[in-house]
Amino acid sequence: MNKEKKITFMIILVLIVILSIITIPLIIKYNLEKDKENFPEYKEIDIDEDLLSDEQTYEQIKKDLEKDFYFNKLAIMTDYDYKESSTENLQELLWHFIFNYELSNDRYFSYTDSANGKYCFSKKNLINAFKEFYGLDITDKYNYLEGYYKYVYISAKGYCLDFKRVASEYDNNIKIAVERMSMLGTTITTDLYVYEYYASSTNEKYYENLLREAIDSKDYSKAKALVENYLNGTVTHKQIQFKKNTRGKYFKYQILVSKKLVY
């Protein structure tokens with residue numbers, strides 16, 4: 001390479017570096033803003049094995065999860081194990097898929113009918129979204145979905161899901177208390193208490209505040225008594241195994257296992 005070509009090459013290289021310095025932060029900023037727009041209730045929670053090994057950060061991560069809107073919705077998941085899933089529980093999977101999907105994340109809809117609470121996905125997006133949320137490939141089960149006509153119907157616009165119906169079937173408040181958590185690789189395991197109740201009156205709001213205080217102080221017996229005796233709710237002790245979708249398009253979390261604990 002002669003001297004003139006070397007100079008030209010260096011100039012091009014410098015220009016590439018300068019453009020990278022300018023554009024990469026802009027791309028990152030755009031993605032963060034878009035992510036906030038698509039998941040308006042989400043606050044980033046950093047979870048890794050090193051952070052969980054530190055007592056202070058461990059407790060903070062538990063508190064952050066307890067307050068996370070999307071994780072609270074994930075916590076009411078029915079019994080599920082991605083290794084054993086079959087078409088027998090496909091209706092439940094469909095229901096929780098709809099319940100957990102953030103409607104603000106509308107860029108993957110092929111059609112929206114917000115007045116009637118119906119939103120449609122293409123076959124490709126629905127299959128990809130199921131895989132992202134459940135770690136489950138439903139390609140060979142896809143045709144079964146149309147049988148669950150309460151929640152889905154097929155049109156020229158795609159597979160249309162009835163978000164309004166699911167919302168009408170569940171309007172409880174949810175609070176959770178993370179009892180313990182651990183991480184192996186990218187899989188996070190949490191033992192937690194799920195409190196489901198409906199608080200409508202001022203008196204019930206008072207007990208709801210007491211519940212929050214009981215959770216913060218890890219007084220799980222008091223929290224259970226408050227929900228069952230004053231909020232007419234239920235308490236479920238369960239284990240959730242999940243992954244964070246760091247670059248998730250459809251969901252912030254992937255559910256792997258949900259099961260009740262009996263101890």
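Are C120 and C160 buried or exposed? Both C120 and C160 are buried, where buried stands for a relative accessible area under 20%, exposed for one over 50%, and partly exposed for values in between, with a 1.4 Å probe and protein chains only. The model shown in these views is predicted, so local features need pLDDT of at least 70 and side-chain atom pairs count only at pLDDT 80 or more, while totals for chains, interfaces and linings use all residues. Residues are numbered from 1 along each chain as its sequence is written, and side-chain values use heavy atoms, with hydrogens and water left out.

**View 1. C120 and C160 form a disulfide.** The sulfur atoms of C120 and C160 are 2.0 Å apart, a disulfide being a pair of cysteine sulfur atoms within 2.5 Å. The link is right-handed, with 100° about the S-S bond. C120 belongs to strand β3 (residues 118-121) and C160 to strand β5 (residues 158-162), so that the pair links distant parts of the chain, 40 residues apart; strands (E, at least two residues) and helices (H or I, at least four) are DSSP runs numbered from the N terminus.

**View 2. Y108 and Y250 form a tilted aromatic pair.** A search of the whole structure finds 31 aromatic pairs, counted when the ring centres of Phe, Tyr or Trp (its six-membered ring) lie within 6.5 Å, with planes under 30 degrees apart called stacked, over 60 edge-to-face and the rest tilted. In the pair of Y108 and Y250, the centres are 4.5 Å apart and the planes stand at 45°. Because Y108 lies in the loop between α5 (90-100) and β2 (109-113) and Y250 in the loop between β8 (234-244) and β9 (253-260), the pair ties together parts that are 142 residues apart in sequence. Y108 is buried, with a relative accessible area of 13%, and Y250 is also buried, at 4%.

**View 3. F97 and Y134 have the most contacts inside the largest nonpolar core.** This core has 59 residues, and its largest share, seven residues, comes from α5; a nonpolar core is a set of buried Ala, Val, Leu, Ile, Met, Phe, Trp, Tyr and Cys residues joined through side-chain atoms within 4.5 Å. Leaving aside residues up to four places away in sequence, F97 touches residues including F121, L126, F133, Y134 and F251, contact meaning heavy atoms within 4.5 Å. Ring pairs also link F97 and Y134 into a cluster whose members include Y80, Y101, F109 and F163.
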